[in-house]
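Please look over the notes below with the model open beside you.

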Amino acid sequence: MNQCTGLLFLPPPAYVTRLATPDRPMEAGHVLCELGEGHDDDHAGVLWDDDANDGAVWARWDGYRRCLVGLPWCTATDVEGDACGLFAGHPSGHSWEVVDPTQEAILAHLVQEHPHLHRDQNGPDSP
């Protein structure tokens, strides 16, 4: 499933912008939704890990509101034992099921332009 295209413009809070200096202005950033397209809940993008609480701080938003919330990690793992990179109870598929179409297009282009760098590790061209 493709990644959701939800986008949040996130300006720095006023108390942070007061710390800015002329040579280091604070700039707004953006957060991309990391969930699969067509999810039924708020958009969500991780901001930073919260190792002390075994989770992360996520930006959550819809068309009317936005908030920052600490959420535990999803405990699901794929067949190779890699953990889901989303929060517990997330809507849509797990992170390994969500495909960023832009990243996939870039990878396809790189494979076409530089096939010798992207050999199938299990194929006959494997080193």
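1. Asn53 counts as exposed, because its relative accessibility is 57%, where exposed means over 50% relative accessible area, buried under 20% and partly exposed in between, with a 1.4 Å probe and protein chains only. This is a predicted model, in which local features need pLDDT of at least 70 and side-chain atom pairs count only at pLDDT 80 or more, while totals for chains, interfaces and linings use all residues. Residues are numbered from 1 along each chain as its sequence is written, and side-chain values use heavy atoms, with hydrogens and water left out.

2. Asn53 sits in the loop between β3 and β4, and its side chain makes a polar contact with the side chain of Asp50 at 2.8 Å; such a contact is a pair of N or O atoms within 3.5 Å, of which, within protein, one must be able to donate a hydrogen and the other to accept it, and residues adjacent in sequence count only if both atoms are side-chain atoms. From C-alpha to C-alpha, Asn53 is 9.7 Å from Trp73, although 20 residues separate them in sequence.

3. Within the pairing, Val46 stands opposite Trp58 in β4.

4. From the N terminus on, the elements run β-α-β-β-β-β-α, helices (H or I) being DSSP runs of at least four residues and strands (E) of at least two, numbered from the N terminus. The radius of gyration is 19 Å, well over the 14 Å that the globule rule gives for 127 residues, so the chain is more spread out than a compact globule; the radius is taken over C-alpha atoms, and the rule is 2.2 Å times the number of residues to the power 0.38.

5. How many aromatic pairs are there? The count comes to 2 aromatic pairs, with rings of Phe, Tyr and Trp (its six-membered ring) pairing if their centres lie within 6.5 Å, and with planes under 30 degrees apart counted as stacked, over 60 as edge-to-face and the rest as tilted. The rings of Trp58 and Trp73 are edge-to-face, because their planes stand at 70 degrees, with the centres 6.1 Å apart.

6. Trp58 counts as buried at 0% relative accessibility, whereas Trp73 is partly exposed at 24%. Trp58 also forms an edge-to-face pair with Phe87, at 5.1 Å centre to centre and 75 degrees between the planes. Trp58, Trp73 and Phe87 form one aromatic cluster.

Note on methods. Two strands pair if DSSP finds at least two bridges between them.
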